[in-house]
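Have a look at the model first.

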Amino acid sequence: MNRVELLARIVEKSSLRYTPAGQPVLDMQLSHESQIEEAAIQRKVSFLMKSKAIGFLAEKLVLIPMDSTLLFNGFLASGSNPKNIVFHIQSYQSVS
């Protein structure tokens, strides 16, 4: 199963672009920071995640302000370079 839930902040957004089939695409960079317990030790986790939204979701996310923190759901896939992983966003929700 390939399902990801990620609480992250939007730190970079490209301009909305369109596929040859006319689908809107938004490329983003998300930043995540948290503390996780691993082997009974608290571990600080932080990373940047290359992300992508397609279709109606891309048109909605382009309007969300930079530095907004949201809960994203989606899946991981390789990008144009098989060594790169891209988080494909399928839904999101606001967090308080």
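Of the chain's 96 residues, 29% count as buried, meaning under 20% relative accessible area with a 1.4 Å probe and protein chains only. Keep in mind that this is a predicted model, where local features need pLDDT of at least 70, side-chain atom pairs count only at pLDDT 80 or more, and totals for chains, interfaces and linings use all residues. Numbering starts from 1 along each chain as its sequence is written, and side-chain values use heavy atoms, with hydrogens and water left out.

Now for the layout. The C-alpha atoms fill a box of roughly 50 × 35 × 20 Å along the principal axes. Taking contacts (heavy atoms within 4.5 Å) between residues at least 6 apart in sequence, 53% join residues at least 24 apart.

On to the rings. The structure holds one aromatic pair: F72 and Y92, tilted, at 6.4 Å centre to centre with 45° between the planes. Rings of Phe, Tyr and Trp (its six-membered ring) pair if their centres lie within 6.5 Å, and planes under 30 degrees apart count as stacked, over 60 as edge-to-face and the rest as tilted. F72 sits in strand β5 (residues 69-78) and Y92 in strand β6 (residues 85-94), so the pair ties together parts that are 20 residues apart in sequence. F72 itself is buried, with a relative accessible area of 0%.

Technical notes:
Buried means under 20% relative accessible area, exposed over 50%, partly exposed in between (1.4 Å probe, protein chains only). Helices (H or I, at least four residues) and strands (E, at least two) are DSSP runs, numbered from the N terminus.
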